[in-house]
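The following exercises are to be worked through with the sequence and the model at hand. Each task is followed by a solution in steps.

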Amino acid sequence: MKRQIFILFLLFSALGTASAQLKRNRAYEDYFNQWAEVAMQQMIQYRIPASITLAQGVLESAAGKSELALRANNHFGIKCNGWTGRKSYHDDDERGECFRAYDNAYQSYVDHSVFLSTSQRYRRLFDLKRTDYVGWAKGLKACGYATSPTYATKLIEIIETYQLHQYDTGKEFNKRETVLLQQGDLRNIYTFNQNYYIRARRGDTFRRIAEDVDISYRKLAKYNERDKNDVLQEGEIIWLQKKAKKAPKTFKNRPHRVEPGESMYTISQRYGIRLKYLYKMNKLSPDYIIRPGDLLRVR
């Protein structure tokens, strides 16, 4: 009898697992694969659980396929309250409501973090542990983020179905963000052109930055097309991964106008482009000296 009960238990457990797997959506999985690192980076900087950010993003944007996401790059359904940037109008609780519009989805992720962390309405959520996704989900609903009575339940279901809580430990973020969590003096990490960068501090070297971000100083120098022993200038951009061949799509047909003091190198750093490709795009030789007012393609 006990053996039969045990077998039935295993059977129902298997059926439960199969049922959970049936709920998994390939579009959701692709979305999480695309945005997990960005969500973790935002977690490090703003202390919002990556699981919550991902669950909200996929739910609010229909895995990036909603009209608002496609037309306005708005992945979190944030409306125009206090917004001075570009706007987009869509039907929601009422007809023709005003929503924030962004140049790209990365800006939406950053604005979501800023929106939550600077609003008095959500202040109490930041007293919760970063791993308390249940508390965050219920808190967002209680604070009025969404009007749906099942909003918290949906977030929790998404997080548990896709095991998004694994990202809340920071261990998945290529180890470098885990190191930042342990530092008392955190470096702000920014995202652009599907890459990550920091701003150099006074007296920084590649060795010093390497200690903070857990990346070889030789690799950092190589990513930034510099000598590993260079002394860095305060405020200059230091990329944490290999730069791209061109700027984001939003810069198509938007050439860069050279400003006084700029060089091909500083422009390549600004847009996260490898220097040789910036020369190649503009059909210039490496010995060409740019002048203020010149127009350069970056895409």
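**Exercise 1. Determine which residue the disulfide joins to C80, and describe the link.**

Step 1. The disulfide (a pair of cysteine sulfur atoms within 2.5 Å) joins C80 to C98, with an S to S distance of 2.0 Å. A search of the whole structure finds one disulfide.

Step 2. The model is predicted: local features need pLDDT of at least 70, side-chain atom pairs count only at pLDDT 80 or more, and totals for chains, interfaces and linings use all residues. Residues are numbered from 1 along each chain as its sequence is written, and side-chain values use heavy atoms, with hydrogens and water left out.

Step 3. The angle about the S-S bond is -70°, and the link of C80 and C98 is left-handed.

Step 4. Helices (H or I, at least four residues) and strands (E, at least two) are DSSP runs, numbered from the N terminus. C80 lies in the loop between helix 4 (67-72) and strand 1 (87-90), whereas C98 belongs to strand 2 (residues 97-100). The two cysteines are 18 residues apart, and the pair links distant parts of the chain.

Step 5. Both C80 and C98 are buried, that is, under 20% relative accessible area with a 1.4 Å probe, protein chains only (exposed is over 50%, partly exposed in between).

**Exercise 2. Explain why D111 counts as buried, and identify its partners.**

Step 1. D111 is found in helix 5 (residues 105-118).

Step 2. D111 counts as buried because its relative accessibility is 11%.

Step 3. Its side chain makes polar contacts (N or O atoms within 3.5 Å; within protein, one must be able to donate a hydrogen and the other to accept it, and residues adjacent in sequence count only if both atoms are side-chain atoms). One joins D111 to the side chain of R100 at 2.9 Å; another joins D111 to the side chain of Y102 at 2.6 Å.

Step 4. Leaving aside residues up to four places away in sequence, D111 touches I78, W83, R100 and Y102, where contact means heavy atoms within 4.5 Å.

**Exercise 3. State the order of the strands in the open sheet.**

Step 1. Three strands form the sheet in the order 3-4-5, with antiparallel pairing; two strands pair if DSSP finds at least two bridges between them.

Step 2. Strand 3 (190-192) and strand 5 (237-239) are the edge strands, each pairing on one side only.

Step 3. Strand 3 pairs with strand 4 (residues 195-199) over three bridges. Y190 has Y197 in strand 4 as its bridge partner.
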